[in-house]
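Me: I have a model open and would like to talk through a few spots in it. Can we start with how the helices pack?

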Amino acid sequence: MNKKISQNVNLQKKAAQIRRDIVDIVYRTSAGHIGGSLSETDILVALYYEVMKIDPKNPHWSERDRFILSKGHAIDAYYCVLADRGFFDKERLQTYSQFGSDFIGHPNRAIPGIEMNTGALGHGLSIGVGMAIAGKMDNKDYRVFVLMGDGELAEGSVWEAAMAAANYKLDNLVAIIDRNRLQITGKTEDVMALTPLEDKWKSFGWNVSVVDGHDIPSICNALSKENKIDGVPSLIIAETIKGKGISFMENNASWHHGVMNADQYKMACEELDKMLEVLS
Ligand SMILES: Cc1ncc(C[n+]2csc(CCOP(=O)(O)OP(=O)(O)O)c2C)c(N)n1
Ligand SMILES: [Mg+2]
């Protein structure tokens, strides 16, 4: 197998393994936000295993690329990726959502690798703008990545940040939208219509790409520095499926923060184990 193809298979396998870990921690804790965690998994794998400049043993390394999970509710995938990348011992995830644990239901800076507390939607892009301005002022060449939900775009503060990013020519800022077309109560287009989404961001002065958010090589391509336009912030609209990888959860808003019963957990594990077997 050529090196590129085998690397792609490895990343697909990694994503399937991360999905398997997500199912485990969500089932164990009877909490979490599984739908949006499964939709963003391939994006996080592309970022943390291929694209971002990071050193898990030195999470405060000044040259590191920064990542903000603005859709902070989808913490399950984020914890599993950070654990697998070695930011902290996987065993610590056993305490997820338990009284006194640092591993609470939204990102917080007590966890190595997490840059910013998030969860109140609509703030991540403003934080990213600040970090990108700081990078420019300090003459650093790190990039700042911000992952937002599509429902999150109903928050007006997102658009204020979008304007500021273009105004300050932040070409070191990359925003990604997990475009799964669902938010908490139903379809984004019914709750707060976003189309034409691409045109909206272009009109705000962004360099916009649209990709299949489950095709890891395409995500990596879109995130590559080669796609940068000098003086222009970049936006990737990643077309995804909420609940991706588990048939009965896919495209179903009730799995935004649904909790599996024992039978559903078994079915979910079987589907992901089968996927892992195919990729082995
Ligand atoms: C300011 C704010 N309002 C409401 C919520 C409650 N809430 C949590 S998740 C969610 C839906 C988010 O949908 P989306 O951004 O599309 O996320 P995804 O589909 O990726 O899970 C809402 C409304 C919140 N966390 N923050
Ligand atoms: Mg959504």
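Me: Which hand does the crossing of helix 4 and helix 5 have?

Reply: In this predicted model, the crossing of helix 4 and helix 5 is left-handed. Helix 4 covers residues 124-137 and helix 5 covers residues 156-167, and the two pack with their axes 8 Å apart at an angle of about 25 degrees. Because angles under 35 degrees count as roughly parallel, helix 4 is roughly parallel to helix 5.

Me: And which residues meet there?

Reply: From helix 4 they are Leu125, Ser126 and Val129, and these meet Ser157, Val158, Ala161, Ala162, Ala164 and Ala165 of helix 5. By type, the residues of this contact divide into seven nonpolar, two polar and no charged.

Me: What does Pro59 contact, leaving aside its neighbours within four places in sequence?

Reply: With those set aside, Pro59 is in contact with Phe87, Pro112 and Gly113. Ile111 is 52 residues from Pro59 in sequence, and the C-alpha to C-alpha separation of the two is 9.9 Å.

Me: OK, ligand 1: which residues come nearest?

Reply: Of the 22 residues around ligand 1, the nearest are Gly36, Gly149, Gly151, Glu152 and Gln183. The shell divides into 12 polar, five nonpolar and five charged residues, and helix 2 (residues 34-51) gives the most to the shell, with three residues.

Technical notes: Residues numbered from 1 in each chain as written. Chains lettered and ligands numbered in written order. Predicted model: local features only at pLDDT ≥ 70, side-chain atom pairs only at ≥ 80, totals over all residues. Near = placed C-beta within 6 Å. Helix = DSSP H or I, 4+ residues; strand = E, 2+ residues; numbered from the N terminus. Nonpolar A, V, L, I, M, F, W, Y, C, P; charged D, E, K, R; others polar. Contact = placed C-beta atoms within 7 Å. Axes fitted to C-alpha atoms, helices over the stretch in contact; angles between N-to-C directions. Parallel < 35°, antiparallel > 145°, perpendicular 65-115°, else oblique. Left-handed = near helix turned anticlockwise from the far one by under 90°.
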